[in-house]
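Let's take a friendly walk around this model and the two molecules it holds. Have the viewer open as you read, and stop at each place that is named.

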Amino acid sequence: MNPSVLMTDTIFPDTLVEQDVFQKESIDFRLSPSGELASLGELGKDADALLVVYADVSAELIEQLDRCKIIVKAGIGYNNIDVEAASRKGIIVANVPDYCQDEVADHTFGMFLALVRKICHLDSQVKQGVWNANQAKSVPQLRGKKFGLLGCGAIGQQVALRARAFGLEVVGYDPYSSPDLLAQHHISQIEDFDEFLHEVDFLSLHLPLTEDTRHILNKSTLSKMKETSVVINTSRGGLIQENDLFTALIEGRLAGAAMDVLEQEPPEGAPELSSLDNVVITPHTAFLSQDSVAALRKKASQEIVRTIRNGKASNPVN
Ligand SMILES: NC(=O)c1ccc[n+]([C@@H]2O[C@H](COP(=O)([O-])OP(=O)(O)OC[C@H]3O[C@@H](n4cnc5c(N)ncnc54)[C@H](O)[C@@H]3O)[C@@H](O)[C@H]2O)c1
Ligand SMILES: O=C(O)[C@H](O)CO
C-alpha cells in the first residue's frame, strides 16, 4: 500500500505542484473537499501525513489521526496547528521557514510608505474627485526617525535592510536574538520593552503568534507609544488586540496602522478598522508572489516526502 497525504485546505486554484511531487514518489495524495473538522478527522484517519495551509489542526483533530507521522504547515507561521497535541502523539510538525522573506519585507515597507505618506487615502480621494494636497502637509519626514522591529528574525532583518535605505534608524526588541546577530544587521537593540515602545516612531511586528505573544499590543502597551507613531503588522492578527487598536486610533493616541493580517480572517464584511482613513489593510497577501508560491508548494511537499522516506524532517518545530 502506498503512503498517503491529506491536504487539509488550499488557497491555490489547483493542486498540480503537490500532485507532481507526490506522484513521482508513489505517494497517494488527496485534497479535502471541505476542510471541515468532521470530514478532516474521517479523511485523515489513515493518512501518513497532513499538508496544511490555514485549516485549524486542533487537538481534537490530531486525536483522530491514527497513522500520521508528520504535519507540514505550508508557510512560516504555524499557529493554526496544536504542536503540543501533535508532540504528545509523536507526530512531527514542520514548517517552511525560508520562502518569502523578500516578499513580506517588500510588502511591509510598501504598506508603511502607503500609510505614512497617505498614498492610499489620497488616491481614494482623487478617485472620488477630491484634489486636496493640504492633507499631506502633516506627513513626517522619514530620515532620522526610529523604525522599531518587534521580532528581529529572518523577515525583520530584511525589513531592516529596506528601512536603512530610507535613512531610518533601526531599533529592535527581541529577547531571543543575540546582540551580535542584531549588530550584524545594523539593528540597535533596546532590551526594555516599555522603553522600546516609547522610543519608536514606527513599529513593525515580525514575531510568531504564540500563547506568550497573543495581544502583545493591547490597551496598556499601546498607551506606551508616541501619539505620532504608527503600527505595521504583517505577522499575525492575534498579536494585536484589535478593539484596543481601534480605540487608540479614534482617540488620537496613535497616528495610524497598516495591517496585512487580522484577528479574524476572513473578516465578516468590511473590518471595523477599515472605516478609518489612517488605516491601510491588505487581505493577508504579504507572502505572495509567483516565485514565493512556487517555492512554498514544492518545499512543503518535499518535506513530507523526506519524512515519509527517511523518517526525518528538515524543519521540525517540535
Ligand atoms: N503576512 C504574511 O504573509 C506572512 C508571511 C510569512 C510570515 N509571516 C509571519 O511572520 C512571522 C515572522 O517570520 P520570520 O520568518 O521572521 O520568523 P523568525 O522565526 O525568523 O523570526 C521571529 C523572531 O521573533 C522573535 N520573537 C519571539 N518571541 C518574541 C517576543 N515575545 N518579542 C520579540 N521578539 C520575539 C524570535 O526570537 C525571532 O527572532 C511568522 O511567525 C509568521 O507568523 C506572515
Ligand atoms: O506564515 C506564512 O508563511 C504566511 O502567513 C502564509 O501562511
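A backbone N or O atom of Ile155 lies 2.9 Å from an oxygen atom of ligand 1, which is a polar contact here (a pair of N or O atoms within 3.5 Å; within protein, one must be able to donate a hydrogen and the other to accept it, and residues adjacent in sequence count only if both atoms are side-chain atoms). This is a predicted model, where local features need pLDDT of at least 70, side-chain atom pairs count only at pLDDT 80 or more, and totals for chains, interfaces and linings use all residues. Residues are numbered from 1 along each chain as its sequence is written, chains are lettered from A and ligands numbered from 1 in the order in which they are written, and side-chain values use heavy atoms, with hydrogens and water left out.

**Around ligand 1**
- In total, 26 residues surround ligand 1, and the closest are Ala154, Ile155, Asp174, Thr234 and Asp260 (a residue counts if one of its heavy atoms lies within 4 Å).
- This shell divides into 15 nonpolar, eight polar and three charged residues (Ala, Val, Leu, Ile, Met, Phe, Trp, Tyr, Cys and Pro are nonpolar, Asp, Glu, Lys and Arg charged, and the others, Gly among them, polar).

**Around ligand 2**
- Which residues surround ligand 2? They are Tyr54, Lys73, Gly75, Ile76, Gly77, Tyr99, Arg236, His284 and Phe287.
- By class, that shell has four nonpolar, three polar and two charged residues.
- Polar side-chain atoms of Arg236 and of His284 each lie 2.7 Å from an oxygen atom of ligand 2.
- Ile76 uses a polar backbone atom instead, 2.7 Å from an oxygen atom of ligand 2.
- Of the 230 Å² of accessible area that ligand 2 has on its own, the protein covers 93%.

**The annotated domain**
- An unreviewed UniProt entry gives residues 109-286 the annotation "domain: D-isomer specific 2-hydroxyacid dehydrogenase NAD-binding" (positions follow the numbering used here, feature names are shortened, and annotations may be inferred rather than shown by experiment).
- Over residues 109-286 the chain is 31% helix and 15% strand (DSSP runs, numbered from the N terminus: helices are H or I, at least four residues, and strands E, at least two).
- The end C-alpha atoms of this stretch are 10 Å apart.

**Two backbone details**
- The peptide bond from Glu265 to Pro266 is cis, with omega near -10°, and Pro266 is in the loop between strand S11 (256-259) and strand S12 (279-281).
- His186 is not a glycine, yet it has a positive phi of about 55°; look for His186 in the loop between helix H8 (179-184) and strand S8 (188-189).

Methods:
Areas by Shrake-Rupley, 256 points an atom, 1.4 Å probe, with all protein chains shown as cover.
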